[in-house]
Amino acid sequence: MKNAIIAAVAASALLGSSGAEAQQRTKFEYWYGLTGQLGEILEQHCKRFNNSQQKFEAVCIGQGGYDKAEQNTIAAYRSKQQPTVIQIYDAGTVNFMLSGAIYPANQFAKDFSIDIDWTNYFPGIANYYATSKGEMWSFPYNSSTALLYWNKDAWAKIGKTKAPETIEEWFDDLRKMKTAGVECGFGFDYDTWMPLEQFSAIHNLPIATKANGYGGLDAELVFNKTKFADYMKDWKKLLDEGVARIQTAQVGKTILQSFTDGTCASVLSSVANHGVVGSTAKPGLNWGVAMLPVYKDFKRHNSLVGGASLWIMQGKSPQEYEGAAALMKFLSTPEEALWYSTANGYIPVTKTGFDYMNKNGFYQDPKHAGRELAITSLTFTPPTENSRGIRLGNFTQIRAEIRSELEAAFTGKKDMQVALDEAVARSNQILRRFEQTFKGKTLP
Amino acid sequence: MIERTPILDAVTHALMLLGLVLAALPIVVVFVASTHDLATVNRVPMPLWPGDHMAENYARVWDKSRFGEKMLNSLIVATGVTVGKITIAALSAFSIVYFRYRLRMVFFWLIFITLMLPLEVRIVPTYAVAADALQPFRVIAGGFGLELGIPQINLLNSYAGLILPLVATATGTFLYRQFFLTVPDELAEAAKMDGAGPMRFFIDVLIPLSRANMAALATIMFVYAWNQYLWPLLITTDQKMATATMQLQKLVPGPLFGQPPLWNEAMAATLMVMAPPLLVVVFMQGWFVKGLVASDK
Amino acid sequence: MEKRAAFSDLRLAGALIAPQLLLVFVFFYWPAAQAVYWAFTTQPPFGGSNEWVGFQNFEQIFTDRVYWNSVGISFLFAGLSTALSVGMALLFALFVDRRLTGYRVHRFIYFWPYAVAAPAVGLAFRFIFAPEAGFVSAVNQWVPGLWNPALDGKDALALIVLANSWKMMAYNFIFFLAALQSIPRPLIEAAAMDGAGVLRRARDIQFPLLAPTFFFLLVINVTESFVDSFGIVDITTGGGPARATDLMVYKIYSDGFKGLDYSMAAAQSIVLMGVVIVLTFIQFRYVERRVHYS
C-alpha cells in the first residue's frame with residue numbers, strides 16, 4: 001500500500017513537472033507583411049502551427065505592409081533587434097541576398113535537419129528565390145501569379161463564352177463591348193507587376209540586360225525598347241477611346257472593387273485575390289479567370305511568381321532556430337498547403353502540395369474554379385533567361401519610378417515613349433547607385 | 001455684441017452654419033460608413049443614412065483587434081507624454097525667460113529647432129538610440145578613449161520608449177515662453193522684493209497663472225500623443241504594447257497593393273480611436289479656452 | 001522681449017533646463033547628427049559600411065528635376081494651406097467671439113477636427129472627394145471630368161490642402177478665439193461708444209492685439225505644413241498623380257524608407273531642415289519685430 005502511494009505521488013510529481021515544462025514554450029518572432037483579409041489568414045495559419053505542437057511558439061506580428069516589413073526588419077537588424085523569421089516580398093529579394101544578414105535557406109535546412117526536397121518546388125518559383133547557382137536562400141510561402149479576371153456576362157453580350165487568348169482578341173472584344181453598352185471594358189492601375197513584369201516574362205522579353213540582373217549588378221534596363229512599349233501605347237489608345245479606365249484607390253475604387261461591383265468587365269490581378277473577389281463580388285456576378293493574353297506573334301512562356309517568401313535572419317539563438325525549423329517543416333506539409341490555398345487564392349508552391357490538393361478535389365470545387373490556371377501559367381514552359389525572375393537592386397524604387405512615369409503618360413502629361421525613356425533613365429540611375437553602394441560585391 | 005447689426009448677424013449665422021457642416025461632415029461620413037456591412041459600404045456611392053450593423057461591426061472590431069488592451073496602452077502613453085511635456089516645458093521656459101545667462105537664447109533655439117526635423121525623417125537612427133539609450137554617451141566617451149562600461153538600456157517595447165521621444169519636442173516650451181513673456185514684470189519684481197526665491201515664484205505665482213495655459217497644452221499633447229502611429233509601429237513589435245492608432249493603420253492597407261480594405265470595420269475602428277481625444281477635448285473645453293486667454297491682470 | 005525682472009541663480013537655471021536638453025540631445029541631436037553624417041556617405045540598407053562620398057548626394061538631388069518639383073510643390077502647399085487655415089480660423093473665431101446664439105456649439109464643433117488622427121482625416125477625405133465614389137462625384141455628373149484628383153494634379157493638390165487646412169483650422173481657431181476673448185471687454189465697449197462699428201473695431205483693436213497669436217500660429221502652421229504633412233499625403237494621394245503632391249517630406253520618406261536609401265533621405269532631410277530654419281528665422285526677425293507683447 002505504502003509503495004503504491006509513493007508511486008502515485010512520484011508519478012504525479014513527474015506529471016506535474018512535465019506539465020510545467022510544457023508551458024515553457026520556446027518563443028521566436030515571425031514578422032509578416034500581409035494586411036487586411038490576407039493578413040488575417042496568415043495569423044490563423046500561425047495559430048495553427050502553435051496549436052499543432054507544444055514545444056515552440058511563433059510570435060506572429062504584422063508589420064502593416066510588405067514595404068514596412070522590409071523597412072522595419074532593416075531598422076531592427078541595425079539595432080540587433082531582428083526577428084527570427086520574416087516574410088519579404090519578391091522585390092526585396094536582392095536586398096536580402098546581398099545583406100549578409102540572412103541565414104540562407106538551403107544551409108539552414110541542412111543545419112537543422114529539415115527534410116526538404118528542393119526540386120519539389122515549382123521551377124518558376126524556385127528560380128526566383130535561388131542564387132545563380134540554383135541554391136534557394138529563402139522558403140517560398142505565399143506565391144501567386146497574375147491572371148485575367150473576366151466578367152462572363154459582359155462577354156456574353158458580344159456572344160462569347162471563352163476568355164480571349166491573344167491580346168489582339170482581347171482588345172477587339174473590349175471595343176465590341178463598348179458598342180454593346182458595357183461601361184468599362186478594362187480597369188487598370190499603374191502597378192508594374194502585371195503589364196511590365198508578367199508581360200515580359202510570358203512574351204520572353206527582357207526587362208533588363210544581364211538576364212534581368214541575374215548576371216551582375218551592372219545590368220541596364222531595356223523595357224522602353226521592347227514590345228512592352230507598344231503594349232503601353234495600346235493601353236493608352238484604349239483609355240483615350242473610353243474602352244479602358246484607370247481605377248485606383250485615389251480615383252475612388254481599386255481595380256478589384258471596380259471588377260467586383262460589375263463596373264469593369266476585366267482586370268489583371270493576382271490569383272491571390274481569387275478568394276477576396278469571391279467574397280466581395282456583388283451577388284449574381286458571373287466571373288472567371290483566364291491566363292494572361294499574349295500578342296499573336298509571340299510564343300507563350302511561363303509567368304512570374306509573385307507574393308513573398310520567408311527568410312531566416314542571422315544572429316538568433318539555436319533554440320529560436322529550432323522553432324523556426326519546426327515552423328518551416330510544418331508549413332511545407334501538403335495538408336498545410338491545402339489549408340492555406342483554401343483560405344485564400346495563393347497557390348501551392350510544391351508539386352506534392354498541388355497533387356495533394358488535386359486529389360482532394362480542390363480544383364473541382366466550383367468556388368476555386370480557375371485557380372489551377374495559375375499553376376498552368378507558372379509552369380507553361382521551363383523558365384528562360386527572361387522568365388526566370390527579376391534580380392534588380394532597389395527594385396521597389398524602380399517600380400515606383402516606372403509607376404510615376406506611367407501615371408504621367410496615362411494622365412496625358414507626357415507622351416508614352418518619352419515617359420518610358422525617362423523611366424528607364426531614372427531607373428538606371430537607381431541601379432548605378434545600388435551598384436556603387438555594393439561596390440565590390442557580387443550577386444550570389 | 002454691443003450694438004444691433006441684424007444683417008451682419010444673419011450673414012454670420014449663415015457662414016457659421018457652413019463652417020459647422022465643413023467641420024462635421026467628414027466625421028459624419030466615418031460614422032455612417034461604420035454602420036453598414038461590407039457589401040453596402042463598398043457600394044458607390046455609399047448611402048448617406050446609417051445602416052443597422054453598428055453594434056455588430058463595433059463588437060467584431062473590438063474583439064478582433066483586442067482594442068481594450070490597445071486603448072489602455074494609448075491611454076498610458078498619451079497621459080505620460082502629456083504629464084511629462086507639461087512639466088518639462090514649464091521648467092525649461094521658466095529657465096529661458098526668467099534667468100539671464102548668455103546661453104539662454106542658444107538653448108531656446110536648440111530646443112526650438114527640434115520642431116523642424118520630424119520623427120519620420122530621423123526614424124532609423126532614433127530607433128537605434130531607443131534600442132540602446134545610452135549609446136551617445138558610450139560613443140562620446142569612447143571618442144575620448146574612455147571605456148566606462150555604460151550599460152545598454154533597451155527602450156523598445158516599453159512605455160518609456162513610446163513616451164520619451166515624444167516628450168522631447170518643443171511645442172510646449174514655445175507656448176510657455178510666449179505666455180511667460182506676457183506676464184507682467186511687476187509680479188516677478190514684487191516676488192523678489194518679498195524675498196521669494198525663483199522656485200517659490202514659479203510655484204506660487206507662475207503655475208497658478210498658467211493653469212489654463214496648461215490645460216490647453218495638455219489637450220494638445222494628449223491628442224498628439226494619442227494620434228501617433230508611425231513611431232509606435234516601429235518601436236513595438238510585441239503586440240501587447242501596441243497602441244490603438246497603430247491598429248487603425250493595420251486595418252487599411254496602403255493604396256498600392258490593390259487589396260480592398262474592410263471599410264466598414266476600418267471606419268468603426270476610426271471612430272473608436274477618435275473617441276478618447278474627442279472626449280478629452282469636450283471635457284477640457286472650458287479650461288482650454290480660458291487657458292489660452294491671458295488671465296485678467 | 002527682455003524681462004526686466006530676472007533671477008540670478010544660474011545653477012538653478014541650468015538644472016531647470018537640463019531635463020529637456022538631455023532628452024533633446026539623446027532623441028534628436030544624436031540621431032540628427034548621424035543623419036548628417038549619412039548625408040555625406042552611401043551605405044547599404046542593412047548598414048555596416050558607410051562610404052564617404054562628399055557632396056555627391058547633394059549634387060544628385062540638386063540636379064534632379066524631380067527634386068525641384070518637390071520643393072516647388074512644398075512651398076505652394078505651405079502657402080495655400082497656411083493662408084486658408086489661418087484665414088478661415090480667424091474668420092470663424094471672430095464670428096464665434098460675437099457670442100451669437102449657439103456659439104458654444106460652434107466653438108466645440110470647430111475644434112473637433114484637431115482631435116482626429118491623420119490616417120483618419122486622410123481616409124475620410126479620400127472617401128468624400130473621390131471622383132467616382134464620394135459625394136463630390138455629383139459635380140462630375142453635371143460637368144464630366146471637372147473634379148478628379150486621381151488624374152488632375154491641381155485637384156490632388158487642392159485635396160491635400162483642404163485636408164490639411166481642415167485639421168489645422170481647428171487648431172488655429174481655438175488659439176484665435178482665446179486671444180480674442182482675452183481682450184478686455186471694456187476696451188471694446190469704449191470703442192463702440194466712440195462710434196466705431198464692428199469692422200472698425202476689428203481693424204483697430206482686435207487685430208493688433210491678435211498679433212502675437214497670429215505670429216505664433218504663422219510659425220507653427222508653416223513649419224507643420226513642411227514637416228508634418230506626410231501622413232495626409234500618404235493616405236490620400238501617395239504623392240501623385242505624377243508627383244503633383246510629392247511634398248519634400250513625403251519624398252524623403254519614399255526615397256529613404258521605401259527606397260531604402262538612407263543616405264539620400266538624410267541629404268534631403270538636411271535640406272528640408274535648412275529651408276524650415278531659414279523660413280522661421282525670417283519670420284522671427286521680420287514679423288516678431290512688429291509684434292508687441294502687452
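Where does K210(A) lie? I looked it up and found K210(A) in helix α10 of chain A; helices (H or I, at least four residues) and strands (E, at least two) are DSSP runs, numbered from the N terminus.

I noted that this is a predicted model, in which local features need pLDDT of at least 70, side-chain atom pairs count only at pLDDT 80 or more, and totals for chains, interfaces and linings use all residues. Residues are numbered from 1 along each chain as its sequence is written, and chains are lettered from A and ligands numbered from 1 in the order in which they are written.

**Backbone entries**

I read a positive phi of about 55° for K210(A), which is not a glycine. K210(A) is partly exposed, with 17 C-beta neighbours inside 10 Å (buried is 20 or more other C-beta atoms within 10 Å, exposed 12 or fewer, partly exposed in between, with C-beta atoms placed from the backbone).

I then checked N204(A), also not a glycine, and found a positive phi of about 55°. N204(A) sits in the loop between α9 (193-202) and α10 (209-212) of chain A. I counted N204(A) as partly exposed, with 17 other C-beta atoms within 10 Å.

**Domain entries**

I took the bounds from an automatic or database domain assignment: chain A has domain 1 (2-144 + 305-368) and domain 2 (146-303 + 393-437). I found 16 residues from domain 1 of chain A and 16 residues from domain 2 of chain A in the contact (C-beta atoms, placed from the backbone, within 7 Å). On the domain 1 side, α2 (36-52), β5 (139-144) and β11 (306-313) of chain A each supply at least two residues.

Notes: Contact = placed C-beta atoms within 7 Å.
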